[in-house]
Structures are given as C-alpha cells and as structure tokens.
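User: I am new to reading protein models. Please take me through this one step by step.

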Amino acid sequence: MSARPDTDVATGLPSPSDDVVHVDDLRMRYGTVDVLHGVSFRARRGEVLVVLGPNGAGKTTIIEILEGFRMRSAGTIEVLGQDPATADEAWRARIGVVLQSWRDHGKWRVRELLQHLGSFYAPYSTAARSRPLDTDDVVEMVRLREHADQRIATLSGGQRRRLDVAIGIIGRPELLFLDEPTAGFDPQARRDFHDLVHRLSDLEGTTILLTTHDLDEAEKLADRILILAGGRIVANGSADQLAREVSSRAEVRWMRGGSNFIHATDDAAGFVRNLLAHDDGEVTELEVRRASLEDTYMTLVQRHETGRRDETLAGFGGPTR
Ligand SMILES: Nc1ncnc2c1ncn2[C@@H]1O[C@H](COP(=O)(O)OP(=O)(O)OP(=O)(O)O)[C@@H](O)[C@H]1O
Ligand SMILES: [Mg+2]
C-alpha cells in the first residue's frame, strides 16, 4: 500500500500541501435520485481546473456545494481549510463566485454595484492581499468601461455576463468558481476572458475552478481537466494525459504529387523520420495530429454511457460483460 501523496510517510499525518480544494467521496441525492456517486478530487493553489460533462452531469451541483450554497448528502470537503457547510464570513470573503445563472440588481448601475459589493470585502483586507480590487480596474478588465454608468437591466446578455465575472473577482479571491462564465461571450470577450484567467492564476496565484461546454476553451485554460459523467469523475488529468489515455495513436497527414495521404501510428516521430528519409522533396503539408480534446471527451463520455446501457441491459436479463 502506498501513502497518499499529501501524507507524510513517516507520521501518516497530512503534510503541508498546496491543496486549496479537497473533495473526498462527495455524494448528493435530490429526493430519491442520486446525482453524485462519490466524487473525489483536489485543486492546488494557482491551478486552473476545468470541469467538463454533459448537461445534468452534476457540475453545478459540485460547484454550489463547494461554494457553501448547497448542503451535500455525504462526503468530506475542505475548501481553503474549512468545510463550506459551516464556514464563516471571513472564509466567504476569500472566494469569488460566478453562478451559472442569476438575475438581480437590475436598477443598479455597473460601477455603482461593483463599488458597493467591493466595500463588503474591505474589512477582510490583509497585508498580503488588499481587498477589494479597484472598481475602475475591474471595469476595464472585463471591458465594460463604456457601460460603467448604464443600468444593469439594460445590458446585453454578454455584457451582463462580463459584469458577473467582474462581481466574481472584485473581492480579489484566492479561489474563484466560474460556472459557464463565457456562455454568451463574443470571440473577443472570450479571448479577453482567457487572458484574465491566465493573469489571475499566474500573477495572483488564484485557484480557478471553471465549467464550460466549449472544449477548445477547456484546452486553452486548463492545467487539469475533470470529466464528469453520470455523477462520477471518468477522467482527471491534463488534456495531453487524457488524450493518451484514450489512444496513443497519432495521425500523420501529408501531400505528395497532388494527393493526400493519412497514416495512423503509435510512433509518429519514427514514421515521419522514415517518410522524410525516403522523400525526394515531394512531401508537403506534413502534419501530425493527436486526438483532440473533443475526440477524447466523446470517447470517455460514450464509454461511460455504453457501460451504463450494458448495466441496464444486464438488469433486464440482457448480455453481461
Ligand atoms: N434542486 C434540485 N432538485 C432536484 N434535482 C436537481 C436539483 N438541482 C439539480 N438537479 C438535478 O441534478 C442533476 C445535476 O444537475 P446540475 O445542475 O448539477 O448539472 P450540470 O452538470 O451543471 O448541467 P448543465 O451542463 O446543464 O449546467 C440534473 O439531473 C438535475 O436535474
Ligand atoms: Mg450547470
């Protein structure tokens, strides 16, 4: 038996670690329906963790439990050293939240609301982390300067979502939860948001836990990806690690004499070396492709779905595996 990675081998006690989020065997039941079946994962300081999964997989449920907005059915959770179910105001001031959907404060103006919400964080300012961020800086970060004095009810969908992000970061959180933050963003807003995420994690050491259905976005942002399907984590790793888990094969594509060629191989470097060694200068458009995150995601989620179908069939006297 090997020691857990955050356990001191000699004493068996937890050793100081950078874990900001620690989830162990989390379960959630709504009425008689089990939605989370034992979810375990960690997030370290400064890490960007992206949670993927089909509609209804349980992403929002996990995030809202970690935020202290929903009470779990079972499991052990530590977020910034406390149990979210019983955590205090000082703890709340250290986290930032962008919910999947909420509508409020319609009569307020953008700058005014941010100023107001920011003032709640001032008492929780520390020597290491002054709070809140400057309102105008935040307005600029989310590119809402032109709309700073506009009433919130009159903002467009994407502008409103950018305000949600501003509200999430105004208190200079150490841990930021973002539930589908970029839904409704135009391409420029999306790119600005990606820059903001990198800036927060790299420069501020902010830990970020984010959900999205945009796999391209996940690949760009994630240090680590969790894939949730049917209330279970079916994959946990970097985009590269997940791709290798599904297939070690790469696709080599090239052109020669006006024709396209494709070859699938486990040894792309060796194949390309060989190809070029025997090339008389005619090979062009050479490209090596690994499974994209979309390929990987589809494979892993379908694998889970197939497993579930087989279980159901077995229950009805169908084939067993
Ligand atoms: N308050 C509730 N009462 C009963 N069932 C709920 C409740 N909230 C969520 N559920 C159910 O729990 C499951 C997980 O929902 P959740 O909102 O966590 O999914 P999600 O992964 O965030 O999905 P999406 O991608 O659509 O946002 C769904 O089947 C949903 O219908
Ligand atoms: Mg959701």
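Analyst: Helices (H or I, at least four residues) and strands (E, at least two) are DSSP runs, numbered from the N terminus. This is a predicted model: local features need pLDDT of at least 70, side-chain atom pairs count only at pLDDT 80 or more, and totals for chains, interfaces and linings use all residues. Residues are numbered from 1 along each chain as its sequence is written, while chains are lettered from A and ligands numbered from 1 in the order in which they are written.

User: Which helix gives the most to the shell around ligand 1?

Analyst: A residue is near a molecule if its C-beta atom, placed from the backbone, lies within 6 Å of it. The residues around ligand 1 include Gly58, Lys59, Thr60 and Thr61. With 3 residues, the top helical contributor is α1 (residues 59-66).

User: How many residues of the shell around ligand 1 are polar?

Analyst: Ala, Val, Leu, Ile, Met, Phe, Trp, Tyr, Cys and Pro count as nonpolar, Asp, Glu, Lys and Arg as charged, and the others, Gly among them, as polar. The shell has 3 nonpolar residues and 1 charged. The polar count is 7.

User: Which residue in β11 stands opposite Met255?

Analyst: Strands pair if DSSP finds at least two bridges between them. Strands β10 (residues 250-256) and β11 (residues 259-265) run antiparallel, joined by 7 bridges. They form a hairpin with 2 residues between them. Opposite Met255 is Asn260.

User: Which residue in β12 stands opposite Val252?

Analyst: β10 is also joined to strand β12 (residues 284-289) by 4 bridges. These two strands run antiparallel. Opposite Val252 is Val288.
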